[in-house]
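Here is a short briefing on a two-chain structure.

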Amino acid sequence: MTHGEDALLERIAFDTMPATIYARVHPARLQDGSPVDPLSANPRSTARMAIQPALAARAPALGMFYAATTSAGALFEALLRHAAIYPKRQVYLPRHKLRGQCLALVELRRPLDIIPLGLPDRRIVVPDPDSWREGRWRELISTADHRDTHAAALAVYEQVRAAGFEHGGLSWPSIQAPHAVVYLLYEPPFQREDWSLIQVIALDTPQGEAFIADALAHAGYAWLADPAGGDYEPEPGAI
Amino acid sequence: MQDKLDKENKMGHHAYAAVYPMAGRRRDMSIHGHVAIMEIPADGDIRFGSRPLASFIRSAGAASPGLGRPDSKGVLRVFRPDSDADWLSRTEIAELEKLARKLLEATRRMDAFDQPAAAGTSPRLRQDRSPQAVRYFELFADQAVQEVRATELAERASRMLKRADQAGSSSGVLFEIEQYDPSATLRSLFEGFSRSFRAATATEAETSPVAISAPARTPVQASAALRDQLLGLGWPTSAEVGESHGSKAGNKGQWAKDRRDRGELFGVWSANERTFRHPTFQFDETGAIRPFVKELLAALSANPDFTPEADKGGWRRAFWLHGPTQALAGANGAARAPADVFATEPAAVIEAARAMTGADTHDAW
């Protein structure tokens with residue numbers, strides 16, 4: 001199937017999201033104080049390739065479920081996007097960004113069909129490496145400004161649906177976390193019953209910080225401790 | 001020899017688990033040259049090596065000599081001309097990766113497995129009912145796969161080497177599949193090959209090569225080292241700032257303290273020296289405090305971590321101000337540090353400080 005030049009997918013084809021364990025970041029509670037179900041999709045997401053009426057005109061009200069194949073991948077996609085990255089891959093994040101945040105390990109029970117946006121699998125939807133689509137997809141899966149991706153996400157959604165397919169979600173490689181793949185599932189057709197919860201780690205605790213440090217170390221990054229207290233602070237009245 | 005294979009640094013821990021033992025040249029060879037090999041097991045570590053062309057003379061069912069049978073259902077070996085018998089250069093490895101990617105993409109695009117070719121279409125890889133242990137193929141023009149008889153392999157390899165000598169020639173991809181599990185289908189083998197290839201190269205396709213190594217320091221040690229590194233930049237002390245601004249006070253440091261207390265100047269505590277030091281991005285060439293420093297500090301103080309009370313020593317703010325962040329990515333997409341940008345784009349830095357404070361993390365999941 002071919003499409004016009006405005007179609008971001010040269011062909012509509014699907015890859016498999018394997019049934020295995022993934023990591024996802026979510027808040028412990030919503031702003032109204034109600035607890036968050038770690039296996040729920042987020043209809044308020046404004047993250048990469050999110051689709052909801054507040055982000056693009058004509059957009060349907062969908063829920064977004066982000067999950068990554070590694071904890072570092074999930075952390076970078078959701079929390080560390082604007083972290084300071086020093087030479088030697090040292091990561092500093094102001095700690096208020098961790099407040100109320102959790103990382104859940106979740107297991108997918110059956111394979112799902114998604115559209116792959118990372119190489120080499122992107123070739124099944126963009127066979128021509130010289131196509132304008134190639135550069136656009138590189139931007140979309142790497143930009144730190146997620147606002148730039150929302151119109152494109154809606155366009156892909158409409159393209160897939162117009163061709164008579166269900167749009168289950170997308171995948172792309174994490175730019176910062178080596179070998180991690182990030183998945184975005186849309187609800188519908190996302191079904192909570194396809195998933196089981198293994199563990200939830202509160203990130204704003206000493207144990208959570210240790211978990212982050214370990215997860216980042218596996219990806220080759222060093223987590224910087226909060227530079228406060230102790231000899232980081234002066235005595236009163238110091239000049 | 002700077003361009004030679006660096007097994008440890010190129011692709012991280014997923015690849016280069018081992019390399020083939022290199023064979024020596026044979027003086028009595030009737031055909032000359034060497035062939036570089038990329039060996040991709042189904043779900044395993046990729047390996048590289050080189051073989052003399054003469055070793056491609058073989059009978060049916062004989063595989064290319066390698067390290068022995070890996071723990072896998074089968075392996076894919078991709079071949080290309082090798083310029084040097086003793087080393088594989090980075091360029092040759094990159095070329096092998098390119099060929100392997102081309103092959104995996106083409107076979108996937110063709111859906112080339114487990115079904116007979118329809119009349120009038122390109123030849124396909126087919127799974128027969130009694131798979132041979134070793135089979136040889138050539139991919140032409142990214143769209144046709146032809147099986148090669150074992151007795152023709154050396155001739156095809158020789159032709160490949162000759163084509164490589166002809167500038168501008170477009171050669172196919174010669175490859176070999178050795179199957180260890182007779183029940184495995186070609187489709188399942190290629191899925192395994194793709195997974196192995198993806199694991200070794202997926203992020204490289206989008207970013208620069210990555211070497212993974214565990215950090216040498218704990219988070220606490222790393223932060224202390226970064227603080228010391230920043231202090232080593234020689235930022236002026238309170239007394240030095242006072243002197244440069246012509247302070248007549250008896251305590252030369254008082255001028256800087258007063259500005260810090262009024263939110264007009266930013267300093268960090270140096271415990272060893274028992275004084276504050278002041279990052280130089282705040283000062284212009286004459287030593288005067290730049291415009292908009294006060295606005296920047298006000299924007300930062302809206303962050304609960306960055307108020308003067310929560311950050312008495314200034315180091316939380318210093319770590320944010322001096323760390324490259326994508327929030328201030330330049331035109332080329334590279335992350336930039338607020339301190340490096342402030343002199344020329346103070347508004348952008350102030351906006352990034354506000355955005356970092358105001359962003360609703362509940363929307364980012």
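Chain A holds 4 helices and 11 strands. The model is predicted. Of the 239 residues in chain A, 49% are buried.

**Chain A contacts**
- Take the contacts in chain A between residues at least 6 apart in sequence: 72% of them join residues at least 24 apart.

**Where chain A touches chain B**
- Chain A gives 54 residues to the contact, and chain B gives 59 residues.
- On the side of chain A that touches chain B, at least two residues come from each of these strands and helices: β2 (21–27), β4 (84–86), β5 (90–92), α2 (132–142), α4 (206–218) and β11 (222–223).
- By residue class, that side of chain A has 33 nonpolar, 13 polar and 8 charged residues.

**Helix α4 of chain B**
- Helix α4 of chain B covers residues 219–231.
- Which residues of α4(B) are buried? They are B:Pro219, B:Ala222, B:Ser223, B:Leu226, B:Arg227 and B:Leu230.
- An α-helix has 3.6 residues a turn, so residues three or four places apart point the same way.
- B:Asp228 and B:Gln229 are exposed, on the other side of α4(B).
- What covers the buried residues of α4(B)? The cover includes β4, β5, α4 and β11 of chain A, together with α8 (315–322) of chain B.

Note on methods: Residues are numbered from 1 along each chain as its sequence is written. Chains are lettered from A and ligands numbered from 1 in the order in which they are written. This is a predicted model: local features need pLDDT of at least 70, side-chain atom pairs count only at pLDDT 80 or more; totals for chains, interfaces and linings use all residues. Two residues are in contact if their C-beta atoms, placed from the backbone, lie within 7 Å. Ala, Val, Leu, Ile, Met, Phe, Trp, Tyr, Cys and Pro count as nonpolar, Asp, Glu, Lys and Arg as charged, and the others, Gly among them, as polar. A residue is buried if 20 or more other C-beta atoms lie within 10 Å of its own, exposed if 12 or fewer, and partly exposed in between; C-beta atoms are placed from the backbone. The expected span of a helix is 1.5 Å times one less than its number of residues.
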